[in-house]
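Open the structure in your viewer and keep the selection tool at hand. Each stop below says what to select and what is there.

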Amino acid sequence: MESRQLSQNSGQAAGPSSFLKLYYFIKPAIPRRLQIKLRNYQAKSISSRYSNSWPISASSATPPPYWNGWKDQKQFALILTHDVDTQKGYRNLFRLMQIDREMGFASAFNFVPEKRYPINEEDLQKIKENGFEIGVHGLCHDGKLLRSESTFFKRVEKINHYIEKWGACGFRAPAMHHDLQLFKHLHIRYDASTFDTDPYEPQSDGVNTIFPFYVSEDSGKIAYWELPYTLAQDSTLFIILREKDIGVWTRKLDWIAENGGMALLNVHPDYMCFNGGRPSYETYPAGHYRSFLTHIRQKYAGKYWNPVPKDMVTYLDQTYGPPVERAA
């Protein structure tokens, strides 16, 4: 039986290193400002070492086997996602949703189910009623989801409970920790915890593709689709690297569009400064995001497909799925 895998990635990406697990064990004792300063310092070294592969890794543009393009023959796909990490982010989520609505874009909001902030079910319903999507963002956002297989399996039942309760079908792990084999135990249609290239991530093994791909069961059935982010996260760009404009985003977007890939962006309401307020050491002007959306509308009008992730995976199932049914 022929393979229709959409990437050379085999779905074997494993979990965090021992050093990373240790870091997340002691992280709660490190003041937030110091955490950011340490990452600012570390980023300088990373930038010099990875200038040839970030933000663009040329090899990730190779189209996957059997690729015939996007829905309605659009030049590229655009997926917008928003991780709500903290109480502050939750307070700001409708401000961010309003920007997307005003600019005419669809997006998905991912929520941490436990310990970070109380979640109002009416808020989730309002988001969905406005044409946006709800996803699950780990369980506690403590960096320990993949500390061990036993930890993961202790949490997976609760995560699946929230996926069902919220009517969600997508998952993203906090801090982009990922183990594509373990994630087969999640009741999801897609995961978005990986990236094409991002040496600034704690677990920095990129999947080296700007296209979605499926992770399959041993039988060949689809376990879920993997949607790697392909545009730098806002927190990396503006908080860690201290960029002053959206040049990194626009250059990468232009390259993705040229190669017909998927431009997937993750923006956090936690780090955005709304209504013209003065940014702090861990916030940036929301106007940066609005400017990026304006750039997309003006330069690529009519050339991109902007579904919410669940609609993308429906299209992928129908168009590029393997010659067997999805796993139950």
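Keep in mind that the model is predicted.

**Stop 1: two packed helices**

Two packed helices are described by the angle between their axes and the distance between the axes. Select residues 87-103, which form helix H3, and residues 287-299, which form helix H8. Their axes lie 11 Å apart, and the packing angle is about 20 degrees. Angles under 35 degrees count as roughly parallel, so H3 and H8 are roughly parallel to each other. The crossing of H3 and H8 is right-handed.

Which residues of H3 and H8 meet? On the H3 side, show Leu-96, Ile-99, Asp-100, Glu-102 and Met-103. On the H8 side, show Tyr-289, Arg-290, Leu-293, Thr-294 and Arg-297. Sorted by type, the residues of this contact between H3 and H8 are 5 nonpolar, 1 polar and 4 charged.

**Stop 2: two cysteines**

Select Cys-140, then Cys-169. Are they buried or exposed? A residue counts as buried under 20% relative accessible area. Cys-140 has 8% relative accessibility, so Cys-140 is buried. Cys-169, at 12%, is therefore buried as well. How many disulfides are there? With sulfur atoms within 2.5 Å as the rule, the count is 0.

**Stop 3: a cis peptide bond**

Most residues other than glycine have a negative phi, and most peptide bonds are trans. The remaining stops show exceptions to look at. Select Trp-54 and Pro-55: the peptide bond that joins them is cis, with omega at about 5 degrees. To place Pro-55, look in the loop that runs between helix H2 (32-49) and strand S1 (76-84).

**Stop 4: Arg-242**

Move on to the loop between helix H6 (234-240) and helix H7 (247-258), and select Arg-242 there. Arg-242 is not a glycine, yet its phi is positive, near 60 degrees. The relative accessible area of Arg-242 is 32%, so Arg-242 is partly exposed; that class lies between the 20% and 50% cut-offs.

**Stop 5: Asn-275**

Last, select Asn-275, in the loop between strand S9 (272-273) and strand S10 (284-285). Asn-275 also has a positive phi, about 60 degrees, without being a glycine. Is Asn-275 buried or exposed? Over 50% counts as exposed, and Asn-275 has a relative accessible area of 71%, so Asn-275 is exposed.

Methods
Residues are numbered from 1 along each chain as its sequence is written. This is a predicted model: local features need pLDDT of at least 70, side-chain atom pairs count only at pLDDT 80 or more; totals for chains, interfaces and linings use all residues. Side-chain values use heavy atoms; hydrogens and water are left out. Axes are lines fitted to C-alpha atoms, for helices over the stretch in contact, and angles run from 0 to 180 degrees between N-to-C directions. Helices (H or I, at least four residues) and strands (E, at least two) are DSSP runs, numbered from the N terminus. Angles under 35 degrees count as roughly parallel, over 145 as roughly antiparallel, 65 to 115 as roughly perpendicular and the rest as oblique. A crossing is left-handed if the near helix is turned anticlockwise from the far one by less than a right angle, and right-handed if clockwise. Contact means heavy atoms within 4.5 Å. Ala, Val, Leu, Ile, Met, Phe, Trp, Tyr, Cys and Pro count as nonpolar, Asp, Glu, Lys and Arg as charged, and the others, Gly among them, as polar. Buried means under 20% relative accessible area, exposed over 50%, partly exposed in between (1.4 Å probe, protein chains only).
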